[in-house]
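Please keep the model open beside the text while going through the numbered points.

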Amino acid sequence: MTNEIKTGRRSFIKRTWKWLGIAALAELTIFTFGMLRQGKKNDDKLNANLMDAGGVEDFPINSVTADRVNRYFLIRLEDGGFLALSIICSHLGCSVLWNKEKEQFLCPCHSSAFDKFGDVMNSPAPRALDYFPVIIESGKVLVDLSKKIQRRGFDKKQISYAI
Amino acid sequence: MNVNSDLGKHTRPIYNLILHLHPKKVKASTLRFKLSFGLGGMSALLVVVQIFTGLLLKFHYVPNPEGAYNSILAINENLLFGKLAHNIHYWSAILLLWITFLHMLRVFFTGAYRKPRQATWTFGVLLLILVVLSNFTGYLLPWDQLSYWAVTVSTSILDYVPLIGSTAREALLGGQDVAGGTLSNFFNLHTGIIPLLLLALMVHHFWQIRKAGGLIVSEEEKDSPLVDTQPNLVARELVVSLVLIAFILLLGVLFDAPLRERANPFFSPNPAKAPWYFMGLQELLIHFHPFFAVVVIPIILFAGIFYLPYFKLKDGVQGIWFISQKGRETGKISAIAGFIFTIIFILLSEALPDPESILPGNFSIITTGLIPFIFVVVSIYFFMKIIQRKFSINRSEYIQSLFIILIASYSVLSLVGISFRGEGMSLIWPWLL
Ligand code: HEM
Ligand code: HEM
Ligand code: FES
């Protein structure tokens with residue numbers, strides 16, 4: 001009788017230890033991931049990373065300009081609109097290159113191709129190239145590098161115009 | 001009798017350390033080289049070699065994108081034995097992965113994962129994962145074109161995991177791209193967390209082996225006599241260690257670790273490949289919808305490997321290579337079938353038109369995911385049905401055949417990815433190489 005009570009209590013204590021151990025492990029995991037992650041982006045203004053790409057007139061109509069350091073292409077379309085595309089291929093992350101003759105972005109790694117709006121022309125890429133919002137302010141072209149936006153395909157709303 | 005009595009005073013501490021890891025006596029049958037091939041011991045030795053050379057390299061390595069590549073050049077050119085240490089660290093990393101993998105195969109094929117060694121197997125799988133992670137985190141450190149793009153491509157595979165994939169990737173990379181944060185994360189994992197975990201689990205592994213009463217012993221050899229560990233086991237270990245160390249030194253002297261140009265985030269090489277041990281996965285991604293290639297199939301495989309020792313088996317023969325004569329025959333047939341079937345699958349998937357072009361829209365998870373997956377599962381099922389009919393094999397022989405098919409498939413996928421994929425990842429025929 002007393003034996004049963006004892007083992008009952010013992011197994012309860014054992015179980016408690018086990019759950020405490022699991023909780024501690026979970027906390028440690030969350031703590032570790034928290035430390036590994038980049039600082040949180042909670043203040044948009046603080047983190048807005050507006051890249052001054054140059055004056056509107058610096059970019060001829062129908063041109064593609066590469067910014068190698070910040071890894072984007074600034075595209076000026078026929079109608080004068082601006083589009084900033086990430087150079088990172090949506091397949092496995094290689095850097096695409098602009099091919100002037102074909103008017104396409106070609107990925108050297110596994111031969112994906114994208115048109116100048118970033119839409120997929122050739123698989124294996126699963127979706128269009130990511131884009132950055134462009135803001136045009138008093139004749140200056142600003143690219144918001146803090147917001148890399150994923151998309152299925154091209155939409156007119158992604159183009160910015162100088163008013 | 002004191003086992004140390006015939007040793008000089010000065011060597012005693014070393015012997016005490018070695019003997020501390022061993023029982024005093026071991027069964028004579030477990031000393032046979034053809035039982036273990038010394039593979040577990042070799043893995044342990046290679047881990048020690050990695051830690052030794054790694055700690056030395058760490059004195060001169062600079063873990064940031066500006067300095068990393070130049071510090072490797074300096075290690076190679078300005079240090080007295082720098083190049084040798086670098087080469088040894090490189091070759092013995094590859095050797096460690098191979099030998100740990102072969103050790104796993106030997107444990108599997110001698111049935112040594114079964115009761116009472118289930119947990120030894122489970123922790124062994126964790127050790128293998130740590131060895132892979134060591135290799136992977138080390139791969140980035142030279143910061144050349146090869147390592148930069150291999151890490152970019154293989155961490156991008158994570159992006160295809162739904163819900164948690166891109167968050168996990170960002171945590172691992174310390175940002176959105178492979179950059180300074182990534183190098184710092186990988187360096188700390190590589191020279192801190194992973195080796196510590198590896199050492200702790202290794203010690204636990206050794207303790208588990210002792211607790212199970214040493215290595216596996218078959219029914220026939222149950223009465224094999226006990227012999228002293230020193231010198232019977234220790235001498236054998238010494239020979240294996242010296243041969244292995246001589247071999248690594250030879251590799252390090254004769255062959256340099258490859259080093260390409262400094263990493264350039266703007267220019268990707270053509271083609272860009274993951275490190276060789278992940279090429280099977282990258283090849284799988286060419287043939288399957290990402291959800292199947294990086295979620296469904298890996299989860300099924302890992303679940304199977306972890307659960308392996310807990311399958312209910314009444315017929316579990318232990319300590320005999322490939323279970324039985326029947327096991328040997330069906331094993332051979334399964335290996336050949338796995339090879340041929342995978343090659344046919346790759347050629348078929350290459351020859352058939354892209355389903356996306358016939359049926360555009362959001363059906364690719366069915367056309368390139370579910371349908372080929374069911375095709376593969378059904379083919380394996382019917383193949384195993386035929387084998388079972390013909391040889392009337394029991395459950396453990398069945399599991400063994402299945403395991404062999406999967407290993408053969410992964411080998412073919414890796415081989416094709418590593419050797420038969422050229423520019424733009426298109427298939428090149430072996431006779432055009
Ligand atoms: C760094 C990695 C590893 C080290 C250093 C290591 C070390 C060892 C050593 C020294 C032995 C005894 C001698 C021998 O069998 O050769 C052993 C046995 C064993 N290992 Fe490992 N091992 C590692 C990885 C693995 C892996 C990946 C698995 C399985 C998935 C595994 C499962 C086992 C089992 C079940 C035994 C007992 C075998 C028996 O009783 O016959 N180990 N290990
Ligand atoms: C299981 C253990 C280990 C494995 C499999 C491993 C693997 C690797 C690999 C594959 C590389 C890249 C080498 C190259 O491509 O040139 C590397 C580099 C490096 N490892 Fe390790 N390593 C291990 C343990 C350690 C430890 C314990 C340390 C230090 C505490 C360390 C320090 C380094 C350093 C500093 C480098 C950069 C220098 C170089 O590339 O040679 N490693 N490791
Ligand atoms: S990374 Fe661009 S095609 Fe694979």
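1. Between chain B and chain A there are 9 residue pairs in polar contact, counting pairs in which both residues have pLDDT 80 or more; that confidence limit applies here as the model is a predicted one. On the side of chain B that touches chain A, at least two residues each come from α7 (145–158), α8 (165–173) and α11 (279–287) of chain B, and the largest share, 6 residues, belongs to α7(B). Sorted by class, this side of chain B consists of 14 nonpolar, 12 polar and 2 charged residues.

2. The contact as a whole draws on 28 residues of chain B and 26 residues of chain A. The size of an interface is often expressed as the accessible area that is lost when the parts come together. For chain B and chain A the buried area is about 2200 Å², with 58% of it given by carbon and sulfur atoms. Of the area that chain B buries against chain A, Tyr160(B), Ala171(B) and Phe266(B) supply 28%, which is more than any other three residues.

3. Side chains of opposite charge can pair when their charged atoms come close. Between chain B and chain A the count of salt bridges is 2. In one of them, Asp177(B) meets Arg71(A) with N and O 3.5 Å apart, and this pair crosses between the chains, from the loop between α8 and α9 of chain B to the loop between β2 (63–67) and β3 (72–76) of chain A. Asp177(B) also meets Lys148(A) in a salt bridge, at 3.9 Å from N to O, and Arg71(A), Lys148(A) and Asp177(B) are accordingly linked in a network of salt bridges.

4. Because Asp52(A) lies in strand β1 (residues 50–55) and Lys140(A) in strand β11 (residues 140–144) of chain A, the pair ties together parts that are 88 residues apart in sequence. Asp52(A) is partly exposed, at 38% relative accessible area, and Lys140(A) is partly exposed at 42%.

5. Within chain B, Glu219(B) forms a salt bridge with Lys222(B), and their closest N and O atoms are 3.2 Å apart. Here Glu219(B) counts as exposed, with 60% relative accessibility, while Lys222(B) is partly exposed, with a relative accessible area of 48%.

6. Which residues come nearest to ligand 1? Out of the 27 residues around it, they are Gly40(B), His103(B), Arg106(B), Arg117(B) and His205(B). An N or O atom in the side chain of Arg106(B) is 2.7 Å from an oxygen atom of ligand 1, a polar side-chain atom of His205(B) is 2.9 Å from a nitrogen atom of the ligand, and a polar backbone atom of Ile216(B) is 3.0 Å from an oxygen atom of the ligand.

7. The elements giving two or more residues to the shell around ligand 1 are α3 (39–58), α5 (82–109), α6 (118–140) and α9 (180–211) of chain B, and α6(B) gives the most, with 7 residues. By class, this shell has 15 nonpolar, 10 polar and 2 charged residues.

Note on methods:
Residues are numbered from 1 along each chain as its sequence is written. Chains are lettered from A and ligands numbered from 1 in the order in which they are written. This is a predicted model: local features need pLDDT of at least 70, side-chain atom pairs count only at pLDDT 80 or more; totals for chains, interfaces and linings use all residues. Side-chain values use heavy atoms; hydrogens and water are left out. A residue is near a molecule or strand if one of its heavy atoms lies within 4 Å of it. A polar contact is a pair of N or O atoms within 3.5 Å; within protein, one must be able to donate a hydrogen and the other to accept it, and residues adjacent in sequence count only if both atoms are side-chain atoms. Helices (H or I, at least four residues) and strands (E, at least two) are DSSP runs, numbered from the N terminus. Ala, Val, Leu, Ile, Met, Phe, Trp, Tyr, Cys and Pro count as nonpolar, Asp, Glu, Lys and Arg as charged, and the others, Gly among them, as polar. Contact means heavy atoms within 4.5 Å. Buried area is the accessible area (1.4 Å probe) that two parts lose on being put together, summed over both. A salt bridge is a side-chain nitrogen of Lys or Arg within 4 Å of a carboxyl oxygen of Asp or Glu. Buried means under 20% relative accessible area, exposed over 50%, partly exposed in between (1.4 Å probe, protein chains only).
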